[in-house]
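Dear colleague,

I am handing over the structure below, and after it I set out what was found when going through it. Please read the notes with the structure open beside you.

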Amino acid sequence: MDLQEFRAKQLLSRYDIAIPPGALATTPDEAEAAATRLDAKTLFVKAQLHAGDRFAAGGIHTVPSPAAAKAAAAELLGRKLKTSQTSADGQTVKSVLIEAGVTAKRELYLAMRIDARAGSILLTAGDGGTGIEQRLASGAQELDTLALGINGERNAGDIAAFARRVGIAGDSTQGFHDIVRQVHRAFIELDASLIEINPLVLTGKGEFIAVDAKLTLDDNAAFRHPDFAGWGEEQDPDRIELRAARHNINFVPMDGDIGCIVNGAGLGLATLDMIIAAGGAPANFMDIRTTAKSQDIAQGIALVLDNPKVKVLLINVFGGGMQPCDTIVDGLGIAFRAHKRELPVVLRITGNNEELARLRLANFKLSKTECSDMWQAVTRAVAIARGGK
Amino acid sequence: MAILVDQNTRVLCQGMTGWAGTYHTNRMMQYGTKVVAGVTPGKGGKSHLDVPVFNTVADAMRETGANASAVFVPPAHAGAAMLEAIEAQMPLVVVVTERVPELDMIRVREALVGSRTRLIGPNSQGLLAPDVCQIGVMATDRSKRGHIGVISRSASLTSEIVSQLSGVGLGQSTTVGIGADPVHGIGFVDCLKLMFADPQTEGIVLIGEIGGTEEYEAARYLKDKGLTKPVVALVVGRGAPPQRRMGHAGAFAVHADEDVEGKIAALREARVEIAPSAHLVGATMRDAFKKRAA
């Protein structure tokens, strides 16, 4: 779950990480009132999205007065903002964060994430600020890394050596050590997969302040954090990916006209590859998780049927021990009965309980073509989508 | 001989008395796997599916000589179950549970360092040595005993490929799902080492996908080692939708070079035969043998 900036900062401040004074606003008037209270020479008006790289997309305004903050909020609120990290449609700005400007002596980047390969938590730091993506991509800048364990940080010597490598020395060393410890504790206790602070501002007084922060929480650990429920959905609860996820289905919309119903991520990816190789265009990626019941599967299939671009459904299923074929066919039946849309269906259903699935299938009035291997099914679906018969 | 399991493998199931544990343990027993015990804290002393249930893994190992564990414990407690098995020095642990929190897996990985446990998963379909031993939840009806080792990250695609292999007359020595989660136990390279050392295995199929870096590690290992047995690889995800990326530099470090083309090029450089499409893996393996014979 990707949190919005104000949520991320709220959580980090629980761990004594300093953040700039600020307030959330959902209307221009609220923005003006918040800016007046802040009483600062420089103010930031920041669109709240579940995505980063907002600066380049015009999602962050720097203003000199409460009146200008109001105008900036009016310009941002309700607008669809597209950044390199949102979907192609962008995200609607529903709130803005009004913050007092902070004067930086130095801008740093500091992040922690899971290092899957090493099985540890990786601390990354270096020079920060805007444009870091471009500098890293071009090789103009590199970041330093340090692997951290889960039960407490590395010893003070390691952190001090790391601090020296990123150019922190003298009086700031203790403050840097503190922030590493605080972020590590937040990472563990919040079940984060990524905490990224950029910029982490070092002020003239030697304080570290998290001026922008990004926090991704591990969805698998959501059961440990019932108080965060719904935070990932407040921006756009109708997003199709989220609707599918509620039914144990991984779904990603695409631009084509072949609706894909597949169990398992590997088979789902293989199906997309084959469709493209056969000259077709998938309308979506689908991975029905093994935990999905037939009602869930029906909901997932309904998402595909809702898409007006879809000309044909391609069902590619290999039933396993956890999810036999008949469960998926039952889902198909429920979806078609409820949806009433007539679409040609090409099926390749094999594996556990395939005979039972075939018996059930015989009861549905579908315009269906059954294929015995998946390439045959793919080429058939591509031909139908192209208007052939 | 298969890898990791044989006729003497004695399996205990952690979380056997739950719904999923009961259903899949029963399937494994019907397949012929020697299931000797269940472990459910608080249910020790009872019997379930005609085998004794113990409170702890250590008790069950001592009393029954179990030397492998299948973990069906729900996500909230799966991490603790794995740690318990590692502490009891269980030689092989296969974790089927999906959606285990990542930090719990970091704890497990720390516990695995220097331990005698080999852990497979989580989010794995398990391990199958056809006609010998099934520890997991995979479809079994298309598998056939033979000489091909299959290593994969995804359950249903593995079933498909096993079906293709059997279809061209190539049975399997062992199929292993290393698990679909980023933080997991043994990886591609560990499995490759075991399969090269296994006399029953004469050819290896590696099923990779977009994301992660293990295919590169496998390619590096194979290039250094040289292929003493034919290896066929499929890497899926060329047509995957570009995913929304969260986080910049962190994400850069994670995502650099995780693309399909790069993986295919690296594997090809290690002289691995690349299956041109997911439906041609069986045929590619068959042809690889023909080429060797010629």
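Between chain A and chain B the count is 5 salt bridges, a salt bridge being a side-chain nitrogen of Lys or Arg within 4 Å of a carboxyl oxygen of Asp or Glu. In one of them, Arg348(A) pairs with Glu160(B), and the closest N and O atoms are 2.7 Å apart. Helix H8 of chain A (residues 265–277) gives the most to the side of chain A that touches chain B, with 9 residues; helices (H or I, at least four residues) and strands (E, at least two) are DSSP runs, numbered from the N terminus. By class, that side of chain A has 33 nonpolar, 25 polar and 15 charged residues, where Ala, Val, Leu, Ile, Met, Phe, Trp, Tyr, Cys and Pro count as nonpolar, Asp, Glu, Lys and Arg as charged, and the others, Gly among them, as polar.

Before going further, please note that this is a predicted model, in which local features need pLDDT of at least 70 and side-chain atom pairs count only at pLDDT 80 or more, while totals for chains, interfaces and linings use all residues. Residues are numbered from 1 along each chain as its sequence is written, chains are lettered from A and ligands numbered from 1 in the order in which they are written, and side-chain values use heavy atoms, with hydrogens and water left out.

To return to the interface, 73 residues of chain A are in contact with 56 residues of chain B, contact meaning heavy atoms within 4.5 Å. The area buried between the two chains is about 5000 Å², and carbon and sulfur atoms give 58% of it; buried area is the accessible area (1.4 Å probe) that two parts lose on being put together, summed over both.

As for chain A itself, there are 12 helices and 18 strands, and the C-alpha trace spans about 75 × 50 × 40 Å along its principal axes. Of the 389 residues in chain A, 56% are buried, where buried means under 20% relative accessible area, exposed over 50%, and partly exposed in between (1.4 Å probe, protein chains only).

Over all chains the structure holds 35 salt bridges. One of these joins the side chains of Arg54(A) and Asp212(A), at 3.0 Å from N to O. Arg54(A) lies in the loop between strands S2 (43–47) and S3 (60–63) of chain A, and Asp212(A) in the loop between strands S11 (208–210) and S12 (213–217), so the pair ties together parts that are 158 residues apart in sequence. Arg54(A) counts as buried at 5% relative accessibility, and Asp212(A) is buried as well, with a relative accessible area of 15%.

In chain B, the side chains of Lys263(B) and Glu215(B) meet in a salt bridge (2.7 Å, N to O). Because Lys263(B) lies in helix H9 (residues 260–269) and Glu215(B) in helix H7 (residues 214–225), this pair ties together parts that are 48 residues apart in sequence. Both Lys263(B) and Glu215(B) are buried. Elsewhere, salt bridges that share partners join Glu5(A), Lys9(A), Lys46(A), Arg54(A), Glu99(A) and Asp212(A) into one network.

Helix H2 of chain B (residues 57–64) can be followed residue by residue: Val57(B), Ala60(B), Met61(B) and Thr64(B) are buried. Seen down the axis of H2(B), these buried residues fall within an arc of 100°, so they line one face of the helix; the arc is that of the directions from the helix axis to the C-beta atoms. The face turned away from the buried side carries the exposed residues Arg62(B) and Glu63(B). What covers the buried residues includes strands S1 (11–14), S2 (35–39) and S4 (51–54) and helix H3 (75–87) of chain B. Just after H2(B), Gly65(B) takes a positive phi of about 70°.

Some points of the backbone also deserve a look, since most residues other than glycine have a negative phi, and most peptide bonds are trans. The peptide bond from Asn198(A) to Pro199(A) is cis, with omega near 0°, and Pro199(A) lies in strand S10 of chain A (residues 192–202). The bond from Gly121(B) to Pro122(B) is also cis, with omega near 10°. Asp50(B) has a positive phi of about 65° although it is not a glycine, and at 77% relative accessibility Asp50(B) counts as exposed.

With kind regards
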